[in-house]
Amino acid sequence: MEEPLIPVVPMSHTAHIRSHRKPRPRSSSALAMRAGVAGGVLSTLAVAGAAGSANAAEPVTQTMELPTLTADMTAQVAESAEVTQQAAADYQLRAERDAAAAKAAKQAKADLADAKKAAKKKAEDARKAAAERATRSSERTTLTSTSTPASSTVTAPASGSVATVIGFLKAQVGDAYVMGATGPNAWDCSSLVQAAFKQVGVDLPRVSQDQSVAGTPVSLSNVQVGDILYWGGAGSAYHTGVYIGGGQYLDAANPSKGVVIQDLSGYPASGAVRVL
């Protein structure tokens, strides 16, 4: 069987040129779908752009809110700081002054109390001293007028003159020792001896060196009441006293003891002289 013949159609010389005919209108559903896709893409781009713009603009907004320090504001801050510092210094100075005033007031109160206490003690001491002086003066007057023997323990008979000397000496017991003093309430050793013998009209030298050679030398084994005792060498003695009997003597001993009666055995004399 013979194949059918296909007719050959001659091609136009313009067949290869694209047609300029208007495209056929597309369906409305296809257009709507394409518009939706395009809108979604644009929306996403818009949101992303807005977020980027917001993030980029945020630092600018914060920077604009920071305060701007001008020269005037700097001066005001410095002035305020200076005023605050001056106020603090004033408060500190005031506190120091208040503390010093309180301390001074406390010290003044303490000083006043001490002064009152010292004045009271001084007045009491003066009263006691006056009473003691009055008592001694009364004893001296009585002993001088009566010439009563002052001790019953004498080892030899005492004349009226010796008794007067011993009575005067015992009336001074308790007086102070002061170098160079001559009475009536303070003595040194030789002034007390000189004053005692002056009561009976015997004028002795003032110092112990001369008193140690003023009378007749007496051995210590033969010493009698009223004899002058001395310590040191004859003519160079450094201390004198008077023997009152019973192994005792009376002297102005030293600043710590004053006028006292002591045992001769505790401080043996170097020698003795007799003037009565």
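Start by selecting helix α4, residues 189–198: eight of its ten residues are buried, so the rest of the structure largely encloses it. Buried here means under 20% relative accessible area with a 1.4 Å probe, protein chains only. Helices are DSSP runs of H or I with at least four residues, strands are E runs with at least two, and both are numbered from the N terminus.

A word on what you're looking at: this is a predicted model, where local features need pLDDT of at least 70, side-chain atom pairs count only at pLDDT 80 or more, and totals for chains, interfaces and linings use all residues. Residues are numbered from 1 along each chain as its sequence is written, and side-chain values use heavy atoms, leaving out hydrogens and water.

Still on α4, show the side chains of its buried residues, including Leu-192, Val-193 and Phe-197.

Next, pick strand β5, residues 239–245. Seven of its seven residues are buried, so this strand too is largely enclosed by the rest of the structure. On one side of the pairing, β4 (residues 228–231) runs antiparallel to β5 over four bridges; click Leu-229 and its partner Gly-241. Strands count as paired if DSSP finds at least two bridges between them. β6 (residues 248–252) also pairs antiparallel with β5, through three bridges, with Val-242 partnering Leu-250.

Last stop: the β5–β6 hairpin has two residues between its strands, and Gly-246 in the turn has a positive phi of about 65°.

How values were computed: Buried means under 20% relative accessible area, exposed over 50%, partly exposed in between (1.4 Å probe, protein chains only).
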